[in-house]
Structures are given as C-alpha cells and as structure tokens.
Amino acid sequence: MAEFLAPYFSTNWQWVAYLLVALVHCALLIGLVAKGALLFIWLERKVSGRIQDRLGPTRVGGKFGWLQTLADGVKLIAKEDVTPGDADRMLFKLAPYVSFCASFAAFIAIPFAAGWAAQNLNTGVFFVLAVLGMEVFGVILAGYASASKWSLFGAMREAAQVVSYEVPLGICAVVPVMIAGSMDLNVIGERQAGWFTNWFVFHDPFTFITFWVYFTCSTASVNRAPFDLAEAESELVAGFHTEYSGLRWSFFFMAEYGSMLVVSLLAAILFLGGWNGPIPITHLVGLTAEQGVLTGVVGGLLGIGNTLFKGAALVTVMIWVRWTLPRLRIDQVMTTCLKYCTPIAAAMFLGAALWNLSGIPFLNDLAPHRAPLEVREALPNSTAQAEPPADGTEQPESNDAVAQGVSSADHETHVAGPVQARR
Amino acid sequence: MEQGIYWPSFFFLLFGAISCLFSVAVVLTSNIVRMAFYLVLALAATSGLFFLAGADFVGAMQLMIYVGGTLVLLIFGVMLTGKGPFVSLSTRGGEWILAALVGGSLLATLLPATQAVDQWQGISRDELPQTVSPTATRLGLGLLGARVDKLDQPNPALREGMSGYLLPFEIVSIHLLVVLIGAAYLARAKRRRATEIVE
C-alpha cells in the first residue's frame with residue numbers, strides 16, 4: 001500500500017505516504033480491538049444471561065440492549081480514578097497500558113486475508129506468541145504496584161499460570177507450522193485453501209486433538225474462566241485489578257478481550273483455514289487476485305469476513321465455557337497444564353510428525369475437487385520455506401521438527417505419488 | 001540529489017535512544033520492580049532494532065526469551081528479596097567502584113570494536129540498503145547445515161565450511177536436555193528424602 005501511494009508524493013514528501021499508511025493500519029487495528037471489545041462485552045452479558053436463564057441487557061439502545069457496553073463505558077469514564085495511597089504510583093498508572101499495548105501489538109502480525117496484515121512477518125506465529133506472553137507483565141506490575149495482598153496473590157498466580165501454559169501452547173502451535181513448513185501466517189493460511197477438508201484441524205487425527213489442546217491452553221493463557229485464577233472474585237476480591245477503577249480498569253478488560261480475539265484468530269489461521277471459507281466460493285467464482293485487482297479486493301474482503309467470523313465464533317465458545325464450567329483450583333490448573341496438556345501436546349506433535357513423514361493421505365487428499373497438492377504447489381511462496389522454530393530449549397523432540405522441515409519439500413512429492421496414481 | 005529523511009536511521013536512533021535511556025534508568029533506580037520494568041523496555045527496544053535489521057526471528061526470540069526471562073526475574077525478585085511491601089536495593093560505595101570498573105572496562109572494549117569495521121564508516125546515502133530481506137529462512141537452513149549465505153560470499157577462502165550449525169545445535173539441545181533432567185532429578189530427590197524422614 002505504501003508502494004502504491006509513494007509515487008503520488010515528491011521524493012521529499014514520500015514519508016507522508018508511509019506515515020499515512022502506518023496511521024491507516026493502526027487506526028484499522030485499534031478500531032478492530034475496540035469494536036471487538038464493545039461487541040464481546042455485550043455478547044458476554046447476553047450469553048451469560050441466556051445460560052443462566054435470564055434475558056441479559058434489554059433496555060439500552062433498543063431491542064437487544066446492544067448499546068449496553070457504551071453505557072458501561074460512559075459509566076467508567078465518569079468514575080473517579082483512584083490510586084491507593086501506598087501504591088507505587090508510576091507503575092500503578094502504567095500497568096494497564098502495558099497490558100493493552102502487548103495485546104494490541106499482537107494484532108500487527110495477524111493476516112486477515114491473504115497478505116492483508118499490518119506487517120507481514122516471516123515468523124508471524126512466533127511473533128504473536130512472544131508478544132502475547134508480554135501481556136502478563138502488565139498484570140504482574142498491576143498486582144505488585146497496587147500494594148495489596150489480593151492483587152499480589154492474583155499477579156503471582158497469573159505469572160505461574162502463563163509461564164506454564166506457554167509451553168503446551170508453543171508445542172501446539174508448532175504442529176501446523178510443521179505441516180505448512182513455514183512460520184509465515186500467510187503461507188500457513190494459503191496451505192489450507194480449498195474445501196474445509198483442507199483445514200489443518202482435519203489434516204489428521206493428531207492435529208484434530210492438537211486444536212482442542214491449543215484452545216484449552218489459549219483460554220488459560222489469556223486468563224479466562226475456568227482458568228481465571230488471577231481475578232478469582234470468590235477468593236481474591238478481584239485479583240490483580242482489585243485497586244483499579246474507571247478507565248484504567250477498563251483498559252485491562254480491553255486487553256483481555258483483545259487477547260481473546262487474537263488467540264482465537266491465531267487458532268482460526270493455524271487450524272481452521274483462516275480466510276478460506278468451508279467451500280472455496282471465491283476460487284470457484286473467480287474472486288482471486290489473479291483475476292484482477294478489484295476482484296482480489298472483493299475476495300480479500302470476503303476473506304476478512306471469514307477470518308473474523310471464525311475468530312468471533314471461537315470467542316463465543318470461550319464465553320460459553322466461562323459460564324458453564326466452575327473455576328479450577330490453582331493446583332488443578334497446574335495439573336491440567338503439566339500432567340495433561342503438555343504430554344498430550346508433545347504426543348500429538350510426535351504423532352503429526354510421523355503421520356506426515358509416512359505420507360498417509362487423509363480427508364484433504366480424498367476431497368472431490370482438484371488435488372490440494374496442486375493448490376499447494378501453485379503457491380508462489382511454497383519454494384521459500386522457512387523451517388519450523390528450532391527452539392531446542394523446550395523439548396528434545398524439536399530436532400524431529402527440524403528433520404521434518406527438511407523433508408517437507410520431499411514429502412509433498414512423496415504424498416503426491418499415491419494420490420495421483422489413484423486418479 | 002535530495003532524498004529526504006533516511007527512515008531506517010531515524011528508527012535506529014529512536015530505538016537506540018530508548019534502549020540507552022532505560023538501560024541507564026535500570027542502573028539509577030533502587031526499586032527492583034521498576035528496574036525490571038525499565039529492563040523490559042530496554043530489551044524490547046533492542047528487539048525493535050532487530051526487526052529494523054530484518055531479523056524477524058532474532059527479534060521475536062529477543063522478545064520471548066529476554067522479556068519472558070525478565071518476567072521470571074521479576075517474580076523471583078519480588079518473592080526472594082521482599083521483606084516489606086516495596087523492595088528497594090541500596091548500593092554501597094565499594095559496590096559502585098567495582099561496578100564502575102567492570103562496566104567501564106566492558107565499554108572500553110566495545111567502543112573500539114564499533115570503530116574497527118571499515119564498512120561501517122563513512123557510508124554515503126546511495127550505498128545504504130533501501131529494503132531489508134528477511135533472514136528467517138536463511139537462518140533455518142543454516143541451522144540445518146545448508147549455508148545459503150555462503151553462496152554469495154565473494155572470498156573463496158570464506159566459502160569453506162558449508163556444514164552449517166547442525167552439530168553445535170545438537171550439542172546445545174542435548175546439553176539443555178541434560179540440564180532439564182538434572183533439575184527434575186534434584187527436585188525429586190529432595191521430596192523423597194522428606195518422605196523418608198516422615199517414615
């Protein structure tokens with residue numbers, strides 16, 4: 001986009017083009033995060049109401065109470081901004097912004113349609129996970145700076161929880177990276193083009209289980225019930241944000257809903273085909289970038305709709321889970337992570353690696369349309385394969401991932417053999 | 001020809017300034033949590049420098065390892081040093097002298113190093129790269145043993161050694177595995193002894 005605008009400015013003023021483009025990207029993303037929070041807070045109230053056999057908000061703004069969040073916002077702005085007398089004032093005031101910035105920064109690398117990201121990063125998956133891990137920093141600062149027992153307890157729980165859950169989350173995210181042979185979210189999304197059978201969640205039984213493990217771990221890592229030990233209002237008053245009020249408090253909630261959306265979008269791109277719909281309508285009708293710029297834009301907009309719909313659906317599931325399951329105890333949270341999620345994720349990782357190495361065809365190879373391998377080979381990026389993250393720091397099996405990365409090029413032709421023979 | 005501002009330089013100076021500023025702030029504060037906070041900002045600015053250089057992978061690594069590591073440091077800082085509500089570290093005169101000596105000698109080593117590379121001096125605007133190419137693929141292939149970057153090496157003497165970094169990578173992996181098993185063993189042994197005493 002910057003390259004598109006740049007010729008309209010003289011050489012001295014080209015930076016204006018870049019600045020404009022950067023501002024547009026930022027505005028779009030902030031708009032998405034803010035409107036997402038607006039929508040999801042309303043949705044949370046409605047869904048929780050329905051689950052508890054109530055109606056939820058009905059009055060503000062017409063039929064479904066859809067302006068409820070705005071009314072909440074007005075109330076929050078009008079509230080007094082209290083800082084406790086004993087608090088570390090600077091850190092106390094900064095903590096909400098740290099949380100929000102981390103959650104917002106993760107959106108930079110998320111592509112909403114093929115190539116439509118604020119910044120196309122070569123290592124998108126890794127970047128998003130790394131930045132999301134920083135959100136907990138704001139929570140810990142808040143807990144510490146409040147100078148309150150409840151806050152500190154909440155912050156410590158959050159720290160223990162997030163640090164533990166990053167391990168299975170990382171292992172789960174490596175599985176689609178390994179299958180796609182790239183950490184670039186664009187490439188991962190494009191590998192799942194075609195019918196819904198091409199989505200990585202249906203790639204093999206191991207990825208199917210991996211998706212659910214990923215979803216559990218991401219729920220835990222964004223501190224949502226049943227893993228919301230850090231706020232646990234029945235034991236810790238309100239946990240890390242006990243001492244916060246008004247707009248600062250709402251920043252924590254914007255951050256929470258923002259990161260819910262970001263992990264859901266990541267799940268949608270890694271496992272659920274991203275911007276590719278269940279039926280490749282855009283490809284059948286011809287709304288692709290190859291047919292022209294305008295059709296490409298229309299296809300891209302449809303893709304954005306797909307991505308956001310999948311993300312919102314996953315957020316709805318998170319809300320549903322929150323109002324269905326009771327909160328776990330802290331030791332149960334740790335058991336879930338270390339004794340269940342991590343071993344399952346590691347086993348699924350090994351299984352998916354072996355499945356790919358042995359080249360067993362699955363649903364996507366039996367689908368009644370053009371061979372998915374043609375789709376894969378048609379990709380411009382398929383030759384420039386980045387290898388899976390070689391972080392031998394976490395688990396010894398990562399060597400296996402590297403070996404997989406090498407053979408993934410061979411692997412595709414290897415799979416292509418039996419499939420084409422069958423036709 | 002007038003070309004306007006060279007933006008990479010601008011952002012380099014910006015990130016560099018942020019990094020330096022907060023590094024100094026780390027030294028000057030006495031509150032351990034504020035220190036950790038400044039350290040995180042300094043390290044995040046450093047990862048910004050890596051992203052600016054097109055090293056996505058190293059930048060994300062910097063965020064994940066160093067910033068995440070500082071997080072753990074912060075937790076231990078609060079848990080192990082906290083006697084009152086806010087922890088503060090005071091530095092004595094002797095420690096200042098020792099620290100200044102160590103820090104000053106490091107600085108004295110690094111400053112000549114920045115001046116030692118000829119290619120870094122007196123570059124005109126036209127020689128500067130206008131775009132950066134991503135390095136993640138090359139890094140990954142290098143780790144596996146295929147040093148694609150060696151293909152562009154004009155000096156034939158330096159083109160030797162196409163083996164890459166597979167062996168060091170394996171050694172580091174095994175080393176970390178050993179450390180993990182050792183840590184698990186130590187943690188288990190303590191618990192077993194406790195039960196024996198109980199029995």
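Guide: What follows is a short talk about a predicted model.

Visitor: What is the secondary structure of chain A?
Guide: Chain A comes to 16 helices and zero strands.

Visitor: How many of the residues in chain A are buried, as a percentage?
Guide: Buried residues are 49% of the 423 in chain A.

Visitor: And the contacts in chain A, what share is between residues 24 or more positions apart?
Guide: 77%, counting contacts with a separation of 6 or more.

Visitor: Back to the helices. How do α3 and α10 of chain A cross?
Guide: Helix α3 (residues 68-78) and helix α10 (residues 246-270) of chain A have axes that cross at roughly 135° and come within 6 Å.

Visitor: Why are α3(A) and α10(A) called oblique?
Guide: Angles over 145 degrees would count as roughly antiparallel and 65 to 115 as roughly perpendicular. Their angle is roughly 135°, so α3(A) and α10(A) are oblique to each other.

Visitor: Which residues make the contact?
Guide: α3(A) brings G73(A), L76(A) and I77(A), while α10(A) brings G246(A), L247(A), W249(A) and S250(A). By class, four are nonpolar, three are polar and none is charged.

Visitor: New topic. Which residues touch the most other members of the largest nonpolar core?
Guide: V128(A), V131(A), I140(A), L141(A), A155(A) and V262(A), in a core of 131 residues.

Visitor: Which helix gives the most to this core?
Guide: Helix α7 (residues 149-180) of chain A, with 18 residues.

Visitor: What is L141(A) in contact with, leaving aside neighbours within four places in sequence?
Guide: L141(A) contacts L91(A), L94(A), A95(A) and V98(A), along with F37(B) of chain B.

Terms used: Residues numbered from 1 in each chain as written. Chains lettered and ligands numbered in written order. Predicted model: local features only at pLDDT ≥ 70, side-chain atom pairs only at ≥ 80, totals over all residues. Helix = DSSP H or I, 4+ residues; strand = E, 2+ residues; numbered from the N terminus. Buried ≥ 20, exposed ≤ 12 C-beta atoms within 10 Å, placed from the backbone. Contact = placed C-beta atoms within 7 Å. Axes fitted to C-alpha atoms, helices over the stretch in contact; angles between N-to-C directions. Parallel < 35°, antiparallel > 145°, perpendicular 65-115°, else oblique. Nonpolar A, V, L, I, M, F, W, Y, C, P; charged D, E, K, R; others polar. Core = buried A, V, L, I, M, F, W, Y, C linked by C-beta atoms within 7 Å.
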